[in-house]
Amino acid sequence: MSGNPGQLRVDAVGPVSDSAAALPAPAVELTDVAARLGGHRVFSYVTLTVRPGEFVALLGPNGAGKSTLLKVILGLVGHTTGTVTVLGAPAGRRNRAIGYLPQRHAFDADTRIRGIDIVRLGLDGHRWGTPVPLLSRLLRPAHHRQAGQRLAEVIDLVGAGAYARRPIGQCSGGEQQRLLIAQALIRRPELLILDEPLDSLDVPSQAGISALIQDICRTQRVAVLMVAHDVNPILPYLDQVIYLARGGAVMGRPAEVITSDTLTTLYGTPVDVLRDRAGRLVVVGQPDAPAHHPGPSR
Amino acid sequence: MQPHLSWDLVEDVRQMLAFPFMVNALRAGTLVAVVAGAIGWVMVLRRQSFAGHTLAVVGFPGAAAAIWLGVATGWGYYGACIASALVIAALPPSARRGGLGGFGEESAVIGTVQAFALACGFLFVSLYHGFLSGLTNLLFGTISGVTGTQVQVLLLAALPCLVVLAVLGRPLLFASIDPDLAGARGVPVRLVGALFLLMLAVAAAGTSQITGSLLVFALLVTPAATAHRLTARPALGVGLSVGFALVASWVGMTVAFYSPYPIGFWVTTVTFAGYLLATGWRLAADRVGQRRRPGSAVASAAARGMPA
Ligand SMILES: Nc1ncnc2c1ncn2[C@@H]1O[C@H](COP(=O)(O)OP(=O)(O)OP(=O)(O)O)[C@@H](O)[C@H]1O
Ligand SMILES: [Mg+2]
C-alpha cells in the first residue's frame with residue numbers, strides 16, 4: 001500500500017453551524033480512531049462529529065470500512081487508538097438509545113415469523129422473559145395498549161401495513177428493508193445508524209424513505225449516520241458527508257467533500273466529480289477497493 | 001391379563017392405566033413432549049436440527065455405557081448429551097450466519113460424529129453380554145421400562161429447562177432471528193446460544209428415553225415443523241408445537257400398548273401424518289392467499305426479481 005493513511009487526513013472541516021457556542025453536545029464524536037479486523041488495519045486517524053439533528057452520510061467504496069466504522073461506534077468492534085464518545089458515553093454503553101439497521105442479506109424464504117413480530121423485537125427484544133400476549137393484555141393493559149399503538153404507528157410510518165402480518169421470509173427485499181427500518185425507529189432513538197438502508201429499494205421508495213428519515217432527523221432532533229453507495233437520493237438533505245477510502249476519512253459539507261480535488265487526494269489517483277443538469281453527482285475514476293483489500297468483503 | 005383393544009375408548013384407557021408401568025410411561029411421555037415441543041420450535045427456527053440430532057445420537061453410547069457400567073440409563077443419556085452440548089458450545093463461532101459454533105452446516109463433521117457415536121454405542125452394548133435385545137429399546141424406544149425414579153429425573157431435568165426457556169424467551173428469539181442486531185442491543189448472543197444448546201441437550205436426552213435415540217426427531221422436530229407451517233406467530237407456534245407433541249406422545253403410547261411395535265414407530269407415524277396434513281393445508285392456504293391478492297403477489301415477485 002502506497003503512502004501512510006495518516007497523510008490522507010484532510011483536516012476535518014468541522015461542524016457546519018457558525019456559532020460554536022450554541023452547539024449541542026455531539027451525538028457521536030470520534031477522535032483519531034483506528035480499527036483492526038483479523039490483523040488488518042481497516043482505517044486509522046478517523047475524526048468525526050455528528051450532532052443531534054444532523055443528517056450525515058458515510059460514503060466509500062466496497063471494503064473501505066464503512067460497516068466497521070459503524071460497529072466501532074456501536075462498540076461491537078474495538079478501536080485500537082483514539083477515543084469514541086457516543087451519546088455522552090463510551091461506545092456500546094448507550095446502544096438502547098440507538099436505532100441500528102445492520103447491512104444485510106434477505107431473510108431466508110422459509111423464515112416463518114411475522115414482520116410485525118420482528119419490528120416488535122426492536123422495542124423490547126433485549127428484555128429477559130417471554131411475553132404471553134393474552135397475559136400481558138390482562139395484567140398490564142395500559143402497557144400492552146401503548147406498545148401496540150407504537151407498533152402500529154411505526155409500521156404506518158414506513159408504509160408497511162399491507163405486509164407486516166405476513167411471514168417475513170415471504171416479503172420482498174424492499175419490504176423487509178422497510179420493516180427493519182420500522183424496527184430501528186420503534187424506540188424513538190436519539191441516534192440512527194443505518195447501514196445501506198436504501199439498498200434493494202426502488203427509486204420512489206428510496207426517495208420516500210430518505211424523506212422520512214430526514215423528517216425524523218429534523219423534527220425529533222435525531223442524529224442520523226447513514227451508509228450509502230449512491231449519495232443522490234439523500235444529497236438535498238445532507239448536512240455532512242464522511243468519505244472513507246484507503247484507510248482514511250474526510251468529513252465536511254457535501255459540496256466541499258464530493259469534489260474532484262478532495263477525492264483525488266483521498267484516493268491518491270485522479271478522480272472526477274461531475275454534476276448533471278438535475279444536480280446529480282457522478283463520481284468517475286474511483287478505484288473499487290482499497291489496495292490492501294484481501295478479497296470480497298463478504 | 002392380556003389387554004385387548006375394544007371400541008370403548010374409556011374402557012381402553014382405564015385398562016391401560018391399570019398397569020403402573022403404563023402410568024409411568026404416560027407421565028414420562030407428557031414431560032418429554034412438553035420440553036421437546038417448546039425447545040424444538042426454537043431449534044427449527046434457529047436451523048439447529050443437525051445439532052439436535054447429533055446430541056440425540058450421542059445419547060445412545062451414553063446410555064449403553066451406563067447399562068454396561070450398571071448405572072441407570074438416565075445418567076448416561078443426560079451425561080453424554082450435556083457433555084457434547086458443552087463441546088459444541090465451546091467450538092469457535094462459525095463465520096456463517098445461523099451456524100452454531102463450528103458445526104454450522106458442516107454435515108460432514110456431523111456425519112462423522114454421529115457414525116462414531118453409533119459405533120461406540122454398539123461396542124458398549126456388545127461389551128455387556130446378553131443385552132442385545134435392549135438395543136432396539138435404546139434405538140427405537142420403549143414404554144415398558146420406565147421406572148418411577150426415571151420419571152422423577154425427567155421432571156427434575158424438565159423444570160429448570162422450561163424455567164430457563166421462559167427467562168431467555170424474548171432475547172433468544174431476538175438472537176435467533178437477528179444476531180447482529182441483538183448483539184448491538186446488549187443481548188449476550190454467544191451465552192444465549194450456549195444455554196440454548198444445553199436446553200436442547202436436556203430435551204434430546206429426555207426424548208431419547210421415550211422414543212429411542214434414532215427417533216427423537218418425531219417429538220423434537222416434526223411437531224415444531226408442523227407448527228411453523230401452520231402459524232407465523234411465535235407464542236401460538238410454541239403452543240401448537242407442544243400440543244402436537246403431547247397428542248403424538250399420548251396416541252403413540254396408547255397404540256404401542258395395544259400393539260407389538262415399539263412406541264417410537266407409532267409416535268413417528270402420528271407426527272408424520274400431522275406434518276403431511278399441515279403441509280397440504282399450507283400449500284392450499286398459500287394458493288388461496290395468492291389468488292386473493294394477485295396484485296401484491298405480482299408486485300413482490302417483480303421486486304424480488306429486480307436487480308437492487
Ligand atoms: N470479521 C472480519 N475479519 C477480518 N476482516 C474483516 C472482517 N470483516 C470485515 N473485514 C475486512 O474489513 C474491511 C472493511 O469491511 P467493511 O465491511 O467495513 O467494509 P464496507 O465499507 O462496509 O464495505 P461494503 O460497501 O461492501 O459494505 C474489508 O477489507 C473486509 O474484508
Ligand atoms: Mg458495509
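Contact here means heavy atoms within 4.5 Å. The views below show a predicted model.

View 1. Thr68(A) is buried, its relative accessible area being 11%. Apart from neighbours within four places in sequence, the residues in contact with Thr68(A) are Leu37(A), Val42(A), Phe43(A) and Val77(A). Gly78(A), 10 residues from Thr68(A) in sequence, lies 9.7 Å from Thr68(A) in space, C-alpha to C-alpha.

**View 2. Protein donors of the magnesium ion (ligand 2).** Ser67(A), through OG, and Gln103(A), through OE1, lie 1.9 to 2.1 Å from the ion. Ser67(A) belongs to helix α1 (residues 66-74) of chain A, and Gln103(A) to the loop between β6 (98-101) and α2 (115-124) of chain A, so the pair ties together parts that are 36 residues apart in sequence. Ser67(A) is buried, with a relative accessible area of 13%, whereas Gln103(A) is partly exposed, with a value of 25%.

**View 3. Crossing of helices α2 (residues 20-46) and α12 (residues 234-258) of chain B.** The two axes come within 8 Å and cross at roughly 150°; α2(B) and α12(B) are therefore roughly antiparallel to each other, since angles over 145 degrees count as such. The crossing of α12(B) by α2(B) is right-handed.

**View 4. Residues at the contact of α2(B) with α12(B).** On the α2(B) side, the residues include Phe21(B), Leu26(B), Gly29(B), Val34(B) and Trp41(B). Among those they meet in α12(B) are Pro234(B), Val242(B), Leu246(B), Trp250(B) and Phe257(B). By class, this contact has 16 nonpolar, six polar and no charged residues.

Conventions: Residues are numbered from 1 along each chain as its sequence is written. Chains are lettered from A and ligands numbered from 1 in the order in which they are written. This is a predicted model: local features need pLDDT of at least 70, side-chain atom pairs count only at pLDDT 80 or more; totals for chains, interfaces and linings use all residues. Side-chain values use heavy atoms; hydrogens and water are left out. Donors are N, O and S atoms within 2.8 Å of the metal (3.2 Å for Na, K and Ca); water is not among the atoms, so sites may look incomplete. Helices (H or I, at least four residues) and strands (E, at least two) are DSSP runs, numbered from the N terminus. Buried means under 20% relative accessible area, exposed over 50%, partly exposed in between (1.4 Å probe, protein chains only). Axes are lines fitted to C-alpha atoms, for helices over the stretch in contact, and angles run from 0 to 180 degrees between N-to-C directions. Angles under 35 degrees count as roughly parallel, over 145 as roughly antiparallel, 65 to 115 as roughly perpendicular and the rest as oblique. A crossing is left-handed if the near helix is turned anticlockwise from the far one by less than a right angle, and right-handed if clockwise. Ala, Val, Leu, Ile, Met, Phe, Trp, Tyr, Cys and Pro count as nonpolar, Asp, Glu, Lys and Arg as charged, and the others, Gly among them, as polar.
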